[in-house]
Amino acid sequence: MSQDSLHGKWTVSSSDDDDEVLPPSGTATPKSRRPAESSHISSGSPSPVPEPAPPEVKAEPDSAPVSALTVRSEARQLAARNQRNPVKFQTSPSLSGKRKKEPSDGSGWALSDSDDEDDAEGKRNSRSKLPNRAAPNGEAKKPRKESERPPSPHGRLYYTDEPDDFFEASFPCLNDTYRFYLNKVTGLDRKFNSGALHIRGEAFNYCFDIPWMVKQFPSEFRRCPVLIVHGDKREAKARLLQQGQPFPHVRFCQAKLDIAFGTHHTKMMLLWYEEGFRVIILTSNLIRADWYQKTQGMWMSPLFPRLPEGSSESSGESPTFFKRDLLEYLASYRAPELDEWIQRIKEHDLSETRVYLVASTPGRYVGADMERWGHLRLRKLLYDYTNPIPDEEQWPVIGQFSSIGSMGMDKTKWLAGEFQRTLTTLGKSSLRSDPPVHLLYPSVEDVRTSLEGYPAGGSLPYSIQTAQKQMWLHSYFNCWKARRTGRTHAMPHIKTYMRVSPDSTQLLWFLVTSANLSKAAWGAMEKNNTQIMVRSYELGVLYVPSAFSMKTFPIDTNPFPASSSSMLGFPVPFDLPPTSYSPTDQPWIWNIPYSQEPDTHGNIWVPS
């Protein structure tokens, strides 16, 4: 059966599997200036692929991390592998690699040979690949020198050469109001990186590459204890453990994933210092591609000091109950390996925190537990800590993400039903407003013209199998435009949700999170709304004005270069109001070919 739409002709598959298997995401590892002990929480993934190191977020100059806990996610290791060998655009029809059902007019979407919709493992192993390309003139590839940047899809010129101090973290507003940062992006005007953060050397990251992770510590601290909490199983777990064999100080903790199609997608680090510890919740994985030419975001806590001896366990709580919620989240892993870290947090003062934790953990929850996790947790916070406003139905909801799960053949099944009810909750008002809902997801043209070109699409895993079952969704879509932050051509891996004023000058709330647009991430109601089922681990932080003694957050229309004058404005990472798709725009689908037009590096995209 086939259907025609503004997005081309769809060949509809026979699969009616309602839950998308999210692509595996990389890992983060904490790094520090003077680490004495480190711990990671990471997520499962198919096959650990050693990725070159990303850049650095340095601690404050006077702070010396003593240990770190990092939460790693299941992102795009296989995709990263597929991005390394792009195919050059040719005017002739011949293309390397096999493909199936390629539309002749370039306007349709079709399936590649490798798609296996009924087998979850098959989905993981059949993601978009770029055919291997032999070196010119049959020359063997030269081994990369230790001092060189890692391989890229486009050769040495892919990463723009920057001044030596480009990757040095600068904190002109380290004690600013929101503690929300974007990453540095190469190839931009210098002003758009002033106040942005980068990872290198002495900070933290996500990584499957344990040997590389160890090298990021200063040499005198490369034997400090490291705990990696991951979601790998079977062969992937065996490979991860094998990587750690040469490093006896590296230990592992497996996150329990008891519900099918769930992933460990959280991205968090706890960095321990001699003076205290710091929490970082972010959107990026520990692969170099995530930190050079993509848009990422992070919340970085203040440095939390140790409580005085004899303090009660309830001491050091914040007005947002961040300490309680962080401890509850770590306890949800049910892992003895984390007991030591839980005890350490209890001994510290987190009272300066002004954000709320919004987490997902796998399980089926009933009664009061339904409001602990997923989108019902967000709904509860918006109910308790925001306030109704006049004409609230005119304040749109915006969701922005880098991956999309299956939401059913009808928008009322989840998105326009329970999830929209959560996003439109505003205080204890009985009014059920129906504001506009705008979803930001890159179009094919956004990806094609990006800094990375088509390989950026390896980080945007919306599959044809899912897309063809929910064509109704695409009427919600808006392009990725980020002129105010200089990041229009840096494809987003950041995920944000917010409520914005009609004139785009104020925010009612803002959430940065690891959670993409999927039921697996946010949870779905079951049994006549008496139970919620969550498949994955996710983590984010919610900003509400009441926690900052404000009525609304003013939006900073010029967040770069960072300065003290912009401290009160919230740095929304993209342009407002959103730009709707044009009639010719199509959402990026990562497992179909794009061969009609070359990208910014002269390549085409040929999944195989």
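Me: To begin with, at what angle do helix H6 and helix H7 pack?
Reply: Keep in mind that this is a predicted model. H6 covers residues 322-331 and H7 covers residues 339-346, and their axes are 10 Å apart. The angle between helix H6 and helix H7 is about 175 degrees.

Me: Is H6 roughly parallel or roughly antiparallel to H7?
Reply: The pair packs at about 175 degrees. Angles over 145 count as roughly antiparallel, so H6 is, relative to H7, roughly antiparallel.

Me: Which residues make that contact, and how many of them are nonpolar?
Reply: H6 brings Lys-323, Leu-326, Leu-327, Leu-330 and Ala-331, while H7 brings Ile-342, Ile-345 and Lys-346. Sorted by class, the contact of H6 with H7 has two charged residues and no polar ones. The nonpolar count is six.

Me: How do the axes of helix H8 and helix H9 cross?
Reply: Here the helices are residues 374-385 (H8) and residues 415-423 (H9). Their axes come within 8 Å. The crossing is at roughly 35 degrees.

Me: How many charged residues are in the contact of H8 with H9?
Reply: On the H8 side are His-375, Leu-376, Leu-378, Arg-379 and Leu-382, and on the H9 side Glu-418, Phe-419, Arg-421, Thr-422 and Leu-423. By class, five of the residues are nonpolar and two are polar. The charged ones number three.

Me: Now Ser-514: is it buried or exposed?
Reply: Ser-514 is in the loop between strand E23 (506-513) and helix H12 (519-522). Its relative accessibility is 0%. The cut-off for buried is under 20%, so Ser-514 counts as buried.

Me: Which residue has its backbone nitrogen 3.0 Å from a polar atom of the Ser-514 side chain?
Reply: Leaving aside neighbours within four places in sequence, the contacts of Ser-514 include His-265, Thr-266, Lys-267 and Lys-495. Glu-538 and Leu-539 are in contact with Ser-514 too. The backbone nitrogen at 3.0 Å from a polar atom of that side chain belongs to Leu-539.

Me: How many disulfides are there?
Reply: A disulfide would need two cysteine sulfur atoms within 2.5 Å. Among the cysteines, Cys-253 is buried at 1% relative accessibility, and Cys-479 is buried at 6%. By the sulfur rule, the number of disulfides is zero.

Me: Arg-179 has a positive phi; is this residue buried or exposed?
Reply: Arg-179 is not a glycine, yet its phi is about 55 degrees. The residue is in the loop between helix H2 (120-125) and strand E7 (180-182). Because its relative accessible area is 8%, Arg-179 is buried.

Me: And Asn-529, buried or exposed?
Reply: Asn-529 also has a positive phi, near 65 degrees. Its loop runs between strand E24 (524-526) and strand E25 (531-534). With a relative accessibility of 52%, Asn-529 counts as exposed.

Me: Zooming out, what share of the contacts between residues at least 6 apart in sequence joins residues at least 24 apart?
Reply: The protein has twelve helices and 28 strands. Of its 608 residues, 62% count as buried. For the contacts you asked about, the share is 81%.

Notes
Residues are numbered from 1 along each chain as its sequence is written. This is a predicted model: local features need pLDDT of at least 70, side-chain atom pairs count only at pLDDT 80 or more; totals for chains, interfaces and linings use all residues. Side-chain values use heavy atoms; hydrogens and water are left out. Helices (H or I, at least four residues) and strands (E, at least two) are DSSP runs, numbered from the N terminus. Buried means under 20% relative accessible area, exposed over 50%, partly exposed in between (1.4 Å probe, protein chains only). A polar contact is a pair of N or O atoms within 3.5 Å; within protein, one must be able to donate a hydrogen and the other to accept it, and residues adjacent in sequence count only if both atoms are side-chain atoms. Contact means heavy atoms within 4.5 Å. Axes are lines fitted to C-alpha atoms, for helices over the stretch in contact, and angles run from 0 to 180 degrees between N-to-C directions. Angles under 35 degrees count as roughly parallel, over 145 as roughly antiparallel, 65 to 115 as roughly perpendicular and the rest as oblique. Ala, Val, Leu, Ile, Met, Phe, Trp, Tyr, Cys and Pro count as nonpolar, Asp, Glu, Lys and Arg as charged, and the others, Gly among them, as polar.
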